[in-house]
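User: Could you walk me through some local features of this protein model? I would like the cut-offs spelled out along the way.

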Amino acid sequence: MKMTRLSKSVTGLLAASMIFTGAGWTTSSASAAAKQFSDVVSGHWAQKHLSKLTMQEILSGYPDGTFLPNKSVSHQEAVIIAIRFMGLEDELDSSDVIVLPESLKIKDDYKKYLNLAFKKQLLNLNEEVALAEQDPSKEWGKSPASREWVTRLLVRAIGKDSEAKQAATETTEFPDDDRIGAQYRGYVNVAVSTGLVKGVATLVKGVTITEFAPIADVTRASIATLFSLAQAEVAFSGQVSGVLLAITPTQLTLLHEGGGIHNYSLMSDSLIYRYDSNASAALEQLKLYGKVILISNSDKSIGYVEQTLDTPQIKTYEGTLTLHTADLNRLTVLIGTEYETFTYDPQYLPAITDSNGKSVLLKDLPTNVEVKLSVDTIRTDGKIIAVEVKQSVVNKNGSGRVAEWNPSTRSLHLDDPFSDMKETLTVSANATIKNNIGANLTFDQLKAGDMITYEVKTGLVSSIVVTKSSIPAVSGILVGVVKSNNSIQYTVNNSLESDFLAANAKVKIDGIPEATFEDIYAGDAISLTFNDNGDVIQISVTNRTVKNMIGATIIDYAGNAKTLIVNDLNGIKHNFDVTSTTKFELNGTYLTLEAAASYLSTVGKKINIAYTGDNLVTVSLVAKFTGTVIENNAVTRTIKVMIDATNSMTLSYTNAYAEVYSQSSISLADIAVGDQVTIIQNGLQNQLSTIQIHKNVQFEVVSVTPASSKIKVKGNDGVTVEWTLASNAVLQNENGTAVSLSAFSAGSLVNVSFQGTTPVKIKAVQAGVFGKVSSVNMTASSLDLVTGSNAAVTRALGTNPIIMRDNTIVASLASVMPEDRVEIRKDENDRTIVQIITPLKKTVQSVNVSTSTLVIKKATINDTNFTFTVDSSVYIHQGSTTLNLSSLTNGDPISLYFVRGKLLEIVK
């Protein structure tokens, strides 16, 4: 017999929780019913059951945050657990005059529970009096409850008293059956047969046997487990059950037996378990279409989830989709030679995916394609809950750079040269490939590095146009750089070659961040990279690495021999040669050898050097350096900084000063491990005096004044600030190429790098893309968008995109839904940001076409934000029909989409 819990609680949770203090019972909210008690370690064998019953407020911990899982449960405590388990607390009557036999001693606070237990036949008065009289020296209520006594109470609580009486004459399977009281044996048999009770492993003469141990005490952990397992026999109002239709980090969707479908909010600290383990589970371990139970917190969010069955409650059908009858919510599928119809719930549309895992809108579901339908078996008229299309249904245009191309498998890997966006496509066997003048190319003429545009039809690339052809890198041995004609000479397999240098050609040498042509030597092994014009854009030295020595101490400098002798941080002596190409730097300013000689001759001076072999490349005469904090010890008042992969320095401080952008005051204790910092030492170079924390911040440009080196920007907080830039400030476009201040325009985004409070670098942010989401590909971590020009674009988001709604980070990409408007851009730390734009829903008051002004009806009489300027770039539409401003009339309901205060789209 399955019982129904009778609680009247509107939240599905009981009003009080069980906390025995020795003085009575206290109350505790569901959220305070500790999900993790201080004395219940993670992985405890009963943690799952403790969690469930505390969520249901059948029992709880103690005021000090403990649970005391090994403490024995008394008779009076067990009675209260059973009453609450059955949902009978509403029937307690404090006005009852309760008279108990003198031998049945129990605290006054508990008498009403005991009285109700007698009324509900959970306990028998004669049985309990007889038990109490066995040991009159003990108080019945406070004395520990035995395993056989709790088993009888539990079996009665689940309504199986009659079954137990029928099984009273049967022996149990336990070797200590003769020690089980005759009045309890039938209850033990029922409890064992229903899986509620197991034996206790006992070591007897070196052999482990499983006994029932009838008179052993029951602990708090054990009774939680018993009543938790018994819940399969009870329908709880404090929980819901159903088939799991959908999972996101913030929501579970259930199909209930009555046919209703509901969404339930999931919290980051929600407890998740499975029927086949007592250990906590990850969200990913829940199986779709299996059965679950959910228990709610007091705020209606879900605090406890348990998968009770893995077996999918669905039936699948495969065939060819021939017809979609939208007004009847019906799909027709040809299965073999028969046409069969299936319906879906218009309030809960089926989840549709294609062969790439991309989400597809029901209205975009194509016909005459192979599909697999999943139909639930819970409802008598099972509905379609999922459709899997056996091919890709994507149609789009795109562009990118060929990262890899395999003509035999027709697998095309694309990337974006200015971001971490990547994409993999399959090219149709009948695809056309053309160059930028329209000439046809063969499959093997497409190569890595080519810039292309492409068109995708039903998931396959149907055409490719090579807009820029790549030129492969060349490796060789440097002969020399000819400055007179700006060219480079080198040998490849002993054959002399020569190429022109691009105007912005760079030199790359590991260990020299700002390498120049003066740092390369004849005989260096080099790799040359070319631009689209065939000029050398980069020279990379491949056989030589420059090493760094930080905080070296000068021992001697022999000017005639041009030899510098230093000790490293470990006290080891090194001799280095000063060459004609050695550079000398004083706090960012380059010096001649003659000007640097006086510094080099100062014994004990601390310097930073870069060297290759015995030759000095750079000598930095600095009282400051930059690195990453790896230790901040407030006790010893020292900060340890990692300068590069192999060098670190520990500096002490007494009255040091810290500075960081946007904070007026910061103590050295606030500096965290991992912070990028610049350390400025005192004049003696024995302590740090200032530590400047590096920070990147994104701003919107308000204006620039190149003549006075001024730039005014606006932060995310709306605050405007203006700086006068230093002459050595680095200015770059989104590709990292140096530009002038005039290259930054009002309205564009920039990432500003601060050293302390000083802006030292301003880099343009690649323009973001705004559009309507057409599908979400969780597997490939990408979004398909439709832009205002109705162009279909795909944006790969990388491994860890940040998803935001209303400037608040949300859980994951699963939060993005088809039809959402989003902006995809890079943040100040070059991470991909997907900003979900919430529309402003308003009603049109009037429009003025001549001034391009839209006036909306005020929300309140004090509303000041009701007039908007609508420029020509704003996308105005109704469905797929493009409108103009004059199409909006008084009373029209509209949705406005803004990005950083700029109006981008109006939907009528």
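This is a predicted model: local features need pLDDT of at least 70, side-chain atom pairs count only at pLDDT 80 or more; totals for chains, interfaces and linings use all residues.

User: Is Q692 buried or exposed?

Analyst: Q692 belongs to strand β38, residues 688–705. Here helices (H or I, at least four residues) and strands (E, at least two) are DSSP runs, numbered from the N terminus. Buried means under 20% relative accessible area, exposed over 50% and partly exposed in between, with a 1.4 Å probe and protein chains only. Because its relative accessible area is 10%, Q692 is buried.

User: Which side chain does Q692 join in a polar contact?

Analyst: A polar contact is a pair of N or O atoms within 3.5 Å; within protein, one must be able to donate a hydrogen and the other to accept it, and residues adjacent in sequence count only if both atoms are side-chain atoms. Contact in general means heavy atoms within 4.5 Å. Leaving aside neighbours within four places in sequence, Q692 has contacts that include E659, Q676 and G756. The polar contact, at 2.9 Å, is with the side chain of Q755.

User: How many aromatic pairs does a search of the whole structure find?

Analyst: A pair of aromatic rings is described by the distance of the centres and the angle of the planes. Rings of Phe, Tyr and Trp (its six-membered ring) pair if their centres lie within 6.5 Å; planes under 30 degrees apart count as stacked, over 60 as edge-to-face and the rest as tilted. With that rule, the number of pairs found in the whole structure is 15.

User: What are the centre distance and plane angle of the pair F174 and F212, and how many residues apart are they?

Analyst: F174 and F212 form a tilted pair, 5.4 Å centre to centre with 45 degrees between the planes. F174 lies in the loop between α6 (161–166) and α7 (182–193), and F212 in the loop between β3 (207–211) and α8 (220–229), so the pair links distant parts of the chain, 38 residues apart. F174 is buried because its relative accessibility is 7%, and F212 is buried because its relative accessible area is 0%. To recap the values asked for: 5.4 Å and 45 degrees, with a separation of 38 residues.

User: Which charged residue sits over the ring of F212?

Analyst: A charge sits over a ring if NZ of Lys or CZ of Arg is within 6 Å of the ring centre and within 35 degrees of the ring normal. One such case is R220 over the face of F67, at 4.2 Å from the ring centre. Over F212, at 4.7 Å from the ring centre, the charged end belongs to R147.

User: How far does helix α3 reach from its first C-alpha to its last?

Analyst: Helix α3 covers residues 108–119, which makes 12 residues. Its buried residues include Y110, Y113 and F118, and what covers the buried residues includes α2 (75–85) and α4 (125–133). The expected span of a helix is 1.5 Å times one less than its number of residues. For α3 the expected value is 16 Å, and the reach is close to that, at 18 Å.

User: Which are the edge strands of the seven-stranded open sheet?

Analyst: Two strands pair if DSSP finds at least two bridges between them. The sheet runs in the order β46-β45-β44-β49-β50-β47-β48, with mixed pairing. Within it, four bridges join the parallel strands β47 (802–805) and β50 (832–837), and R805 stands opposite I836 in β50. The edge strands, each pairing on one side only, are β46 (792–796) and β48 (808–809).

User: What is the phi of E819?

Analyst: Most residues other than glycine have a negative phi. E819 lies in the loop between β48 and β49 (821–826), and E819 is partly exposed because its relative accessible area is 37%. Although E819 is not a glycine, its phi is positive, at about 85 degrees.

Technical notes:
Residues are numbered from 1 along each chain as its sequence is written. Side-chain values use heavy atoms; hydrogens and water are left out.
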